[in-house]
Amino acid sequence: MQQRCASSAVNLCRKILQPHRVASFWPSPPPPPPPPQPPLCDIFINHRGVDTKRTIAGLLHGHLFRLGLRPFLDSMNMKAGDKLYGKIDPAIRSCKLGVAIISPNYCDSYFCLHELALLMECKKRVVPIFYDVKPSQLRVVDYGTSSAEELERFSWALEEAKYTVGLTFDSLQGDWSGFLNCATDAVIKNLVELEDAN
């Protein structure tokens, strides 16, 4: 009899302490928030591929990457099948700094101008590099493929870049190694200033 009572008491305790029973008396605490996601990149390199991908954009990406930074360059950070806006826009929104390599054919590219405008709209600090082009030569041309609103957005972003202190480089006369070091120094100084401001 005593043994039967003891076994009934054990069964009753088990029933009471089953997980669903415990939850009804004491609600479980909410799960901890997910850890913050690191930015997709430190530096977004905005460039016109036909002018700069095999030269300054590719070299700058490699140099920054070897220094342990996380630069974003479409040809290096994207693979076949990726959606352009699905990768590029989040990278721009999460980056710390933009580098706009503005070259002779830059203003002919909808994508270049869209990226530059998004960098400016997200209030990212942008280091312009005027590559084989003078700021005074730059203007948005209406080819009939962009709306008036887009053209205004692009023109505004281009004006912002033109009136930002940047770097200039002449690919025929310039010292490639020296310029690469100069551009890297400018990127690092800006990143340090941004970190100190936060």
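Helices (H or I, at least four residues) and strands (E, at least two) are DSSP runs, numbered from the N terminus. The model examined here is predicted: local features need pLDDT of at least 70, side-chain atom pairs count only at pLDDT 80 or more, and totals for chains, interfaces and linings use all residues. Residues are numbered from 1 along each chain as its sequence is written, and side-chain values use heavy atoms, with hydrogens and water left out.

The chain has 9 helices and 5 strands. Along the sequence they follow the pattern α-α-β-α-α-β-α-α-β-α-β-α-β-α. Of its 198 residues, 37% count as buried. Buried means under 20% relative accessible area, exposed over 50%, and partly exposed in between (1.4 Å probe, protein chains only). Contact means heavy atoms within 4.5 Å. Among contacts in the chain with a separation of 6 or more, 78% join residues 24 or more positions apart.

The strands were examined next. An open sheet of 5 strands runs in the order S2-S1-S3-S4-S5, with parallel pairing. Strands S2 and S5 (167-169) stand at the edges with a single partner strand each, so one side of each has no neighbour in the sheet. Two strands pair if DSSP finds at least two bridges between them. S1 and S2 are parallel and share 2 bridges. S1 and S3 are also parallel, with 5 bridges. S4 and S5 run parallel and are joined by 3 bridges.

Strand S1 is mostly covered, with 5 of its 5 residues buried. In a regular strand the side chains alternate between the two faces of the sheet. Both faces of S1 are covered: Ile43, Ile45 and His47 are buried on one side, Phe44 and Asn46 on the other. Phe44 has a relative accessible area of 1% and is therefore buried. Its bridge partner in S2 is Phe72. In S3, Phe44 stands opposite Gly98.

Aromatic rings were then searched. Rings of Phe, Tyr and Trp (its six-membered ring) pair if their centres lie within 6.5 Å; planes under 30 degrees apart count as stacked, over 60 as edge-to-face and the rest as tilted. The whole structure holds 7 aromatic pairs. One of them, Phe44 with Phe72, is stacked, at 5.3 Å centre to centre and 15 degrees between the planes. This pair links distant parts of the chain: Phe44 lies in S1 (residues 43-47) and Phe72 in S2 (residues 71-72), 28 residues apart. Phe72 counts as buried because its relative accessibility is 5%. Tyr131, Phe169, Trp176 and Phe179 form one aromatic cluster. Within the sheet, Phe169 in S5 is the bridge partner of Tyr131.

Nonpolar packing gave two cores. A nonpolar core is a set of buried Ala, Val, Leu, Ile, Met, Phe, Trp, Tyr and Cys residues joined through side-chain atoms within 4.5 Å. The largest has 28 residues, and those with the most contacts inside it are Phe44, Ile102, Tyr106, Leu116, Leu138 and Leu158. Helix H6 (84-94), S3, H7, S4 and H8 each give two or more residues to this core. H7 supplies the largest share, 7 residues. Beyond its neighbours within four places in sequence, Ile102 touches Pro128, Ile129, Phe130, Tyr131, Val133, Leu138 and Ala161. A second, separate core of 22 residues includes Leu73, Phe179, Leu180 and Leu191.

Leu151, Phe154, Ala157, Leu158, Ala161 and Lys162 of H8 are buried. Down the axis of H8 these buried residues fall within an arc of 140 degrees, so they line one face of the helix. The arc is that of the directions from the helix axis to the C-beta atoms. Turned away from the buried side of H8 are the exposed residues Ala148, Glu149 and Glu152. The buried residues of H8 pack against strand S3 (97-102), helix H7 (110-121) and strand S4 (125-131).

Buried in H9 are Phe179, Leu180, Ala183, Thr184, Ala186, Val187, Asn190 and Leu191. The buried residues of H9 fall within an arc of 155 degrees seen down its axis, so they line one face of the helix. The face of H9 turned away from that side carries the exposed residues Lys189 and Asp196. The buried residues of H9 pack against S1, helix H4 (56-66), S3, S4 and S5.
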